[in-house]
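I opened the files and kept notes as I went. The entries below follow the order in which I looked things up.

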Amino acid sequence: MNRPTPKHTAPDLQLPLLDGNQWVLADQNPDNFTLVVFYRGLHCPLCKKYLQQLQELLREFEQRGVNVVAVSMDTEKRARLSRQKWELSNLTLGYGLSEKSARDWALYLSAGVKDGEPSKFSEPGLFLIDNNNQVYYSAINSNPWGRPYLPSFVKAVDYIVQSGYPARGEML
């Protein structure tokens with residue numbers, strides 16, 4: 001299975017944003033990293049808590065030269081509802097992730113089984129992409145729990161930048 005691999009170019013990612021702009025990973029120019037957080041969508045209460053915590057830490061990530069985007073397969077309408085109901089006014093939200101793109105990022109896909117779930121959605125993933133558009137870190141989950149703890153991730157970025165710690169896991 002092909003998957004995003006450290007020290008290799010990240011898969012293509014282009015998405016519409018709720019502000020009407022198009023977000024393109026290859027066009028990002030962070031001082032250090034781009035943090036891409038894939039979330040399940042509006043139906044997920046654990047995603048709500050995770051993205052609210054991400055928004056609370058947004059300034060800390062930005063101070064460390066990390067651009068942040070949260071992405072789902074949700075429609076624009078559902079993404080707008082997430083922004084409104086979850087009070088995510090400062091977080092950049094991309095929507096309309098295609099199944100092909102989700103597969104390119106090696107995300108797990110699930111079929112909706114409960115009311116309010118879309119017929120198909122991606123499970124969570126978190127990727128740190130360096131300023132050369134190469135994967136530095138990846139975490140892919142098959143369920144909504146077990147995601148990286150964001151406050152410790154802020155500290156990890158400090159350590160990575162200060163020590164020059166290399167990406168690991170590059171051997172295929």
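**Helix α1 and its surroundings**

I began with what the buried residues of α1 pack against: β3 (33–38), α2 (58–63), β4 (66–71), β5 (93–94), β8 (125–130) and α5 (150–163). I note here that the model is a predicted one.

Next I checked the geometry of α1, which takes in residues 45–56, twelve in number. From first C-alpha to last, α1 reaches 17 Å, close to the expected 16 Å.

Which residues of α1 are buried? I found Cys47, Tyr50, Leu51, Leu54 and Gln55. They cover an arc of only 140° around the axis, so they sit on the same side of α1. On the other side I noted Pro45, Lys49 and Glu56 as exposed.

**Strand β3**

I then went to β3, where six of the six residues are buried, so the strand is largely enclosed by the rest of the structure. In a regular strand, side chains alternate between the two faces of the sheet.

What does β3 pair with, and in which direction? I counted six bridges to β4, running parallel, and six to β8, running antiparallel. As examples, I took Val37, whose bridge partner in β4 is Ala70, and Phe33, which stands opposite Asp130 in β8.

Nonpolar side chains tend to be buried together in soluble globular proteins. I looked up the largest nonpolar core and found 32 residues, of which Leu35, Leu51, Leu54, Phe61 and Leu91 touch the most other members. Two or more residues each come from β3, α1, α2, β4, β8 and α5. The most come from α5, with five residues.

Leaving out neighbours within four places in sequence, Phe61 is in contact with Leu35, Leu54, Val66, Val68, Leu150, Phe153, Val154 and Val157. Apart from this core lies another, of 18 residues, including Leu15, Val69, Val71 and Ile129.

**Ser72**

My last entry is on Ser72, in the loop between β4 and α3 (76–85). Is Ser72 buried or exposed? I read a relative accessible area of 0%, and because buried means under 20%, Ser72 counts as buried. Not counting residues up to four places away in sequence, Ser72 touches Tyr39, Gly41, Gly94, Tyr95, Gly96 and Leu97.

Notes: Residues are numbered from 1 along each chain as its sequence is written. This is a predicted model: local features need pLDDT of at least 70, side-chain atom pairs count only at pLDDT 80 or more; totals for chains, interfaces and linings use all residues. Side-chain values use heavy atoms; hydrogens and water are left out. Helices (H or I, at least four residues) and strands (E, at least two) are DSSP runs, numbered from the N terminus. The expected span of a helix is 1.5 Å times one less than its number of residues. Buried means under 20% relative accessible area, exposed over 50%, partly exposed in between (1.4 Å probe, protein chains only). The arc is that of the directions from the helix axis to the C-beta atoms. Contact means heavy atoms within 4.5 Å. Two strands pair if DSSP finds at least two bridges between them. A nonpolar core is a set of buried Ala, Val, Leu, Ile, Met, Phe, Trp, Tyr and Cys residues joined through side-chain atoms within 4.5 Å.
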